[in-house]
Amino acid sequence: MRSESTGSTAVGEPTGAPPPARWEEARARVYAVGLAAALPVVTRPLAEADGHTLAEPLTPRTDLPAFPTSSVDGWAVRGPGPWRVVGRVLAGSAPEPLAGDGTTVEIATGAMVPEGTSAILRIEDSTRTADGRVDGTPRPAPEWRPTGEEARAGEELLPAGTPVDPGLIGLAASCGHDSLPVRRPPRAALIVFGDELLTTGPPAAGRVRDALGPAVPAWLRRYGCQVRPADVVGPVADTLPAHVAALRAALTGADLVCTTGGTMHGPVDHLHPALQALGADYVVNTVAVRPGFPMLLARLVGDDGRARFVAGLPGNPQSAIVALVSLVAPLLAGLQGRPMPVLPSATLAEPIRGRGSYTHLALVRLDAAAGTAHPVHHVGSAMLRGLAGADGFAVIRPDTTGEAGARVPVVPLPLLPGERPS
């Protein structure tokens with residue numbers, strides 16, 4: 001990897017480093033860098049497009065519907081009744097015009113309405129005369145869908161940057177598309193640092209259980225990433241060569257590599273020197289947010305000219321998730337060509353203290369019906385109990401206190417399709 005200057009302090013130089021970036025500034029910066037490095041546009045068949053992101057606006061190839069279609073089973077009639085039956089029209093056929101007044105064809109729901117039709121008489125509103133003609137009174141409202149009722153050819157239905165889901169796939173098919181120009185999901189990897197970590201069993205004898213190795217890939221998938229089991233590595237030995245080797249290997253196949261631990265400058269914190277050895281540049285190095293401020297995002301540019309990223313998550317579990325929602329979420333939005341995530345707001349049901357000059361991200365449970373945010377307990381930086389019962393983080397801005405009744409932004413935790421806050 002070769003470096004590409006970002007105008008920030010060189011990697012691996014803690015002395016004299018600038019102050020932590022403001023939280024809002026850090027989010028905006030990583031989104032812009034991600035958008036500048038947005039993943040290439042590829043064409044995918046509709047059956048393979050789920051989870052990708054539209055690279056161009058979705059437009060219909062024809063008017064929708066492309067021709068007038070019956071909304072009911074009944075009779076397409078011309079002129080006043082009773083009407084002589086001259087045929088039948090089923091869905092999927094192109095009918096002959098109704099040539100004269102007093103004629104009708106039986107018509108099925110979804111069938112093309114014949115030219116010359118003046119009304120459609122519902123089957124349940126019709127009767128038959130002694131000589132076999134159809135009689136009845138059509139309802140005042142038209143019983144067919146006119147051409148272009150849903151959309152006109154070329155009309156923008158969804159903008160570029162829209163996530164592709166089953167609803168969008170169905171709409172694209174109805175518009176006449178067989179494939180879509182999309183940006184693929186980012187590929188992500190995770191490297192867990194720390195000789196003190198156990199991967200099985202309970203904590204004991206000075207060693208703690210790794211909680212981030214199993215959890216972070218699931219969070220990344222909820223942000224739209226592809227993470228294979230083989231992309232999760234660690235715990236990696238607390239040596240500089242082991243850190244460099246693990247990062248170099250992960251970067252060969254990933255757009256984003258997340259690491260856990262080692263974001264400070266302690267005796268066994270080798271992330272900064274490893275990034276320096278690989279020629280990385282900081283995008284963000286520490287953020288003025290509590291918990292989680294020693295987070296970072298670094299960029300490396302490969303021989304192919306494409307940027308890859310390393311997100312350094314703090315080792316404390318809740319701090320690591322704060323880093324995910326603060327830096328990784330906006331970066332991934334940019335890489336996928338999606339809009340910068342807009343934060344919803346909620347009313348604080350209870351007060352939340354500020355953290356001085358730092359932004360405070362406070363875990364909350366949301367009451368969607370009431371529009372309120374309720375602080376949860378057990379929210380220490382090393383704790384996960386509060387996180388497991390939370391829906392997101394209330395944003396308490398620097399030098400403020402969250403008073404009960406105040407309206408504040410909320411950073412939602414990522415959800416799978418179909419999941420909703422409590």
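Modeller: Let us begin with a pair of residues: T347 stands opposite T372 in β24. This is a predicted model, in which local features need pLDDT of at least 70 and side-chain atom pairs count only at pLDDT 80 or more, while totals for chains, interfaces and linings use all residues. Residues are numbered from 1 along each chain as its sequence is written, and side-chain values use heavy atoms, with hydrogens and water left out.

Biologist: In which sense do β22 and β24 pair, and over how many bridges?

Modeller: Strands (E, at least two residues) and helices (H or I, at least four) are DSSP runs numbered from the N terminus, and two strands pair if DSSP finds at least two bridges between them. Here β22 (residues 345-348) and β24 (residues 372-375) are parallel, with two bridges, whereas β23 (residues 359-367) is antiparallel to β24, with four bridges.

Biologist: What is the order of the strands in the open sheet of four?

Modeller: The order is β6-β7-β5-β8, and the pairing is mixed. Its edge strands, β6 (84-89) and β8 (119-122), each pair on one side only. Neighbouring strands of this sheet are turned by 30° against each other on average, direction ignored. Between β6 and β7 (residues 103-107), which run parallel, there are five bridges, and V85 has T104 of β7 as its bridge partner.

Biologist: Which residues does P82 touch, leaving out those up to four places away in sequence?

Modeller: Contact means heavy atoms within 4.5 Å, and with that rule P82 touches G102, T129, R133, V134 and D135. P82 sits in the loop between β5 (74-78) and β6, and its C-alpha atom is separated by 8.7 Å from that of R128, although these two are 46 residues apart along the chain.

Biologist: Why does T69 count as buried?

Modeller: Buried means under 20% relative accessible area, exposed over 50%, and partly exposed in between (1.4 Å probe, protein chains only). T69 has 8% relative accessibility and therefore counts as buried, while P82, at 26%, counts as partly exposed. T69 belongs to strand β4 (residues 69-70), and, leaving aside neighbours within four places in sequence, T69 is in contact with G110, A111, V113, W144 and R145.

Biologist: Where do the buried residues of α1 fall, seen down its axis?

Modeller: Those residues are W23, A26, R27, V30, Y31, V33 and G34. Seen down the axis of α1, they fall within an arc of 165° (taken from the directions from the helix axis to the C-beta atoms), so they line one face of the helix.

Biologist: Which residues touch the most other members of the largest nonpolar core?

Modeller: A nonpolar core is a set of buried Ala, Val, Leu, Ile, Met, Phe, Trp, Tyr and Cys residues joined through side-chain atoms within 4.5 Å. In the largest one, with 51 residues, L220, L256, L313, V328 and F393 touch the most other members. Helix α6 (residues 317-335) gives the largest share of this core, 12 residues. Leaving aside neighbours within four places in sequence, V328 is in contact with L220, L256, C258, A311, L313 and A323. A second, separate core of 21 residues includes F193, A274, A280 and Y282.

Conventions. Axes are lines fitted to C-alpha atoms, for helices over the stretch in contact, and angles run from 0 to 180 degrees between N-to-C directions.
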